[in-house]
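Here is a short walk through a structure. Keep the sequence and the 3D view side by side as you read.

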Amino acid sequence: MWEGLRLQVFFLCLGAALWSAAAASTHRGSGPRERSHRRHLSLHKHRERGKEGQVLHRSKRGWVWNQFFVIEEYTGPDPVLVGRLHSDVDSGDGNIKYILSGEGAGTIFVIDDKTGNIHATKTLDREEQAQYTLTAQAVARDTNKPLEPPSEFIVKVQDINDNPPEFLHGPYYARVAEMSNVGTSVIKVTATDADDPTYGNSARLVYSILQGQPYFSVEPQTGIIRTALPNMDREARQEYDVVIQAKDMGGHMGGLSGTTQVKITLTDVNDNPPKFAQGVYAMAVSEDKVPGEEVGRLKARDPDLAENGMVDYRILDGDGMNLFEITKDSETQEAVIKLKKPVDFETKRSYTLKVEATNPHVDPRFAAWGPYKDTTIVKISVEDADEPPIFMAPSYNFEVEENAPAGTLVGRVHAKDTDIMNNPIRYMIPRYTDLEEFFTINTEDGIIKTTRPLDREAQAWHNISVSAAEIGGHHQDAKVRVNIKVKDVNDNAPEFATQNEVLVCENVNPGKLIETVSATDKDEMAHRQHFHFSLAPEVANNHSFSLKDNRDSTASIFVIRKGFSRLSQDVYHLPIEINDNGVPPMSSTNTLIIRVCSCDSKDTILSCNVEPFILSAGLSTGALIAILACIVILLAIVVLFVALRRQKKEPLIVFEEEDIRENIITYDDEGGGEEDTEAFDIATLQNPDGANGFLPRKDIKPELQYPMRPGLRPIGNSVDVDDFIKTRISDADNDPTAPPYDSIQIYGYEGRGSIAGSLSSLESVTTDSDLDYDYLQSWGPRFKKLADLYGTKDSADDNS
């Protein structure tokens, strides 16, 4: 690289010297007016007088040499002299100062203000900036006044080969079809060089191939890669790695170079025919296989890809063309041989097929390489199997007359064993096909008979199945459909098609058509068979209605009198005979109900009921029923309420006379003792039976009867109340049959004239009494207060 750089500097200096010598000779041969054409830039203004004496002003001159050159990447110890500026007004006495401005002035380029020499102080790179525009001017040193107008010039950076070529878009990937002709274009690669393409050969590139020969080549000037060998086969090799070099300096020695990789892939073309691996394929199929089942597979291999490697199959020839078919598995590209019709081991035991495999997409460029197909032989052997019996018909259709007696012959089915053994057959009717068991079959000969008379109107068709199995076989059976039609017998009389009432106005005119009746028959109607209508004999001579047979299975009903009245008769029953003229003929009498209604003048029916003549208020039957229902509901509510109010709750414990807990009565005044019998009897507390025994209860049944507690004795008339209460409390606490609630008794009135008197102390203190209260001392500590009060008074009276 440096060797090339030194050569370039040498040639540059030589060119500059020759150019300077030419400029000097030009200067010597020119007149005074052309002295400013020297190598250095002149900024002097010339004035010339014209032929007529006027002064002509010439503007700034643009010389061809107003460009300076400096070589890039200079690394010498001293600044590079770019050039020298000189003005004609400069006499060399130092009174003129040169000024430099513009791009890089003062930093990259400096000027000697006395001599005008311009130097480059830094290393320049043309790839960063190719030229600099500067402005020079000569001014007076003492006043800085311009002596000449500014002059602009350009400093160009002269290029050297310091940048190698680069492939900006590498690595490259390309595809080319296999079997392409020599010289087929594959891809174009392009390298770029940052050096100046207008100067020298620094950016002149030449391409060459370093790797990938002899398969590919590259054009030196354009970089186009082409195939170099014929018949490159993808199936032999699919990918190639190619290395391309780009070298500047026109590829000469000393030039810089760069490389890139190109991966070239051969694409597939249909250049290979399909090929079977074997000339003969052997397969087997059992005779019990059903059509559509697979027999075997074979495959013709094609090394091509995608649609180029697709293979189609067909049967060309063979004795099994009608029994077998061939399809293709699109995923595996295999030929699938399937059974088209059943095969029979006893009839034929082997078949031969000739199968062809072809390419559906043939490239016409390689058609001469064909043929793109292959054939093989497929031999199919039939294997024996225990087959079920076969019926002689795919289905059977029989007819039997309606109402035929039990045991009537319906028909016969027949099946046979196709195996070599030819075993006998057993017949039966599966019960799920004949749930009501209308038919039976002879197990040996397959004769079907009825078990009861059949009714066509109940079921016109009977669809049953008959199964046949080999006796002593492997329990394989065959089934066949048997369709039995019940033939119709005229055993049903005709009847009205509809049972609607006919409405007639009271003021209907005679001769008016009021209804057209039709009939229906459950039996089948024969061709051109019609129903015939007539009035029953008992009403044939009635004076109200007449009938006309329309002879089209309908009849018209007419009114023959005027003046119907609902009050006298609101409903008429007209019996009509209907005959079907069948074999045997059947007839029936049907009653047509005719109701008389009230109508307006336009024969619009207003009412067909009798209520308007009975109820003056005009209430309908529905309204009366609603009113009666409301009254019944109200009465039921009242009765229920009264019954609930009168209901009493039975006591849980039954006393001899009455449970005093049912009467909890509070009195505001005091009673009269034993004379008070309105609330309770004081003798209850003195009842010896209640004190010593247990009272019966209704809610539970006591399991044990507790004996009288020891130490208890019958209480006489003189009762110790304190002991009595303690005893009752103890009994209640220890009684397991006692209710789980407390009994509250309030004694508010004691009666008048009680022996014990009032227990209140409000009047006892102020009332004189002859009673002796000493017995209170024996009542225990609970009555001690009363004993002290009354006992103290008595003792005080005695002392007085």
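Which residues of α4 are buried? They are Asp-722, Phe-724 and Asp-731. The model is a predicted one. Helix α4 covers residues 721-734, which makes 14 residues. From its first C-alpha to its last, α4 reaches 20 Å. That is close to the 20 Å expected at 1.5 Å a residue.

Now turn to the cysteines. The chain holds two disulfides. One of them joins Cys-505 to Cys-599, with 2.0 Å from S to S. The torsion about this S-S bond is -85°, and the link of Cys-505 and Cys-599 is left-handed. The pair brings together distant parts of the chain. Cys-505 sits in strand β36 (residues 502-505), while Cys-599 sits in strand β42 (residues 587-599). The two are 94 residues apart. Cys-505 has 10% relative accessibility, so it counts as buried. Cys-599, at 15%, counts as buried too.

A disulfide also joins Cys-597 to Cys-608, and here the S to S distance is 1.8 Å. Its torsion is about 105°, so the disulfide of Cys-597 and Cys-608 is right-handed. Cys-597 belongs to strand β42. Cys-608 lies in the loop between β43 (605-607) and α2 (621-646). Eleven residues separate the pair. Both Cys-597 and Cys-608 are buried.

How do the bonded cysteines pair when numbered in sequence order? The pattern is 1-3, 2-4.

One more cysteine deserves a look. Is Cys-630 buried or partly exposed? Its relative accessibility is 48%, so Cys-630 counts as partly exposed.

Terms used:
Residues numbered from 1 in each chain as written. Predicted model: local features only at pLDDT ≥ 70, side-chain atom pairs only at ≥ 80, totals over all residues. Heavy atoms only, no water. Helix = DSSP H or I, 4+ residues; strand = E, 2+ residues; numbered from the N terminus. Expected span 1.5 Å × (residues − 1). Buried < 20%, exposed > 50% of the residue type's maximum accessible area, 1.4 Å probe, protein only. Disulfide = S-S within 2.5 Å.
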